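Work through the exercises below with the structure open. Each task is followed by a stepwise solution.

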Amino acid sequence: MDLLSVGPRGMVDCHCHLSAPDFEHDRDAVLEEGKQANVLAILAVAEHPGEFESIIQLSQRYLGYVCPCLGVHPVQGVPPQDQRSVTMKDLEDALPLIERYKDQLFAIGEVGLDFTPRIASTDDQKEEQRQVLIKQIELSKQLDLPLNVHSRSAGRPTINLLKEHGAQKVLLHAFDGKPSVAMEGVKAGYLFSIPPSIIRSEQKQKLVKQLPLENLCLETDSPALGPEKQVRNEPKNIYISAEYIAKIKAIPVEKVIEVTTQNALKLFPKLQKCIRK
């Protein structure tokens with residue numbers, strides 16, 4: 001059965017941090033509530049090698065529901081006060097684990113650039129971030145996997161780098177740039193995922209107004225980017241994204257759900273094996 005033609009009735013959370021400590025005590029309940037809220041699948045992204053094993057274990061425990069993505073984020077170090085810009089050593093530490101689990105992966109992610117001044121204040125730091133991203137673009141092409149991409153304060157440099165290095169299967173998550181910059185990504189065939197924080201973000205609202213529905217997906221970025229500031233976000237909140245996109249575009253929410261889910265299935269083809277509805 002071709003799921004792209006029949007259309008599964010539900011939503012895909014295309015970017016979620018399920019291994020975050022915020023979910024340590026009630027992860028099972030959070031995932032169950034996601035299912036009840038009509039979330040068909042969750043792409044669980046990584047930021048550093050320290051969480052790779054837990055994401056893989058979650059994907060094995062929730063087979064066909066939690067879909068693992070492994071990659072090295074441009075910001076490394078936890079907690080926030082220890083955050084720093086990524087180095088090639090961070091990537092080198094991650095590569096053997098990515099190689100080990102490559103057949104189980106749905107995407108390489110979360111990868112990208114973060115030129116927030118407190119993270120990358122020097123040209124050297126920005127250049128090293130670029131080199132780490134280039135290596136992961138090459139890896140995604142070798143493994144024939146999409147990229148799940150972060151681009152904070154670096155929208156145009158990220159899109160330009162992806163295009164320069166021939167990245168074709170790309171999800172730009174929670175894009176914080178101008179719609180005119182995002183349209184360069186649209187021309188390249190890239191998709192953009194929208195979190196529930198759209199209800200309080202004028203920038204995200206402007207983005208959705210201009211971008212075609214055919215280039216949009218849904219995400220939560222849980223536990224971040226929820227409908228309320230400083231309140232833990234969860235996969236069940238994804239409907240808020242769909243509802244607000246529908247409001248901005250003046251179309252039925254069912255249409256938003258249908259098209260964004262089809263978009264996710266096209267970008268992440270392995271999802272078709274998970275979603276059987």
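Axes are lines fitted to C-alpha atoms, for helices over the stretch in contact, and angles run from 0 to 180 degrees between N-to-C directions. Helices (H or I, at least four residues) and strands (E, at least two) are DSSP runs numbered from the N terminus. The model is predicted: local features need pLDDT of at least 70, side-chain atom pairs count only at pLDDT 80 or more, and totals for chains, interfaces and linings use all residues. Residues are numbered from 1 along each chain as its sequence is written, and side-chain values use heavy atoms, without hydrogens and water.

**Exercise 1.** Describe how helix 3 and helix 4 cross.

Step 1. The axes of helix 3 (residues 52-61) and helix 4 (residues 88-101) come within 11 Å and cross at roughly 15 degrees.
Step 2. Angles under 35 degrees count as roughly parallel, and the two helices are therefore roughly parallel to each other.
Step 3. Phe52, Glu53 and Ile56 of helix 3 make the contact (heavy atoms within 4.5 Å) with Ala94, Leu97, Ile98, Arg100 and Tyr101 of helix 4.

**Exercise 2.** Which way do the residues of strand 8 point?

Step 1. From strand 8 (residues 170-173), Val170 and Leu172 point one way, and Leu171 and His173 the other way.
Step 2. All are buried, that is, under 20% relative accessible area (1.4 Å probe, protein chains only).

**Exercise 3.** Is proline 117 buried or exposed?

Step 1. Proline 117 lies in the loop between strand 6 (107-114) and helix 5 (123-143).
Step 2. Exposed means over 50%, so proline 117, at 63% relative accessibility, counts as exposed.

Terms used: Parallel < 35°, antiparallel > 145°, perpendicular 65-115°, else oblique.
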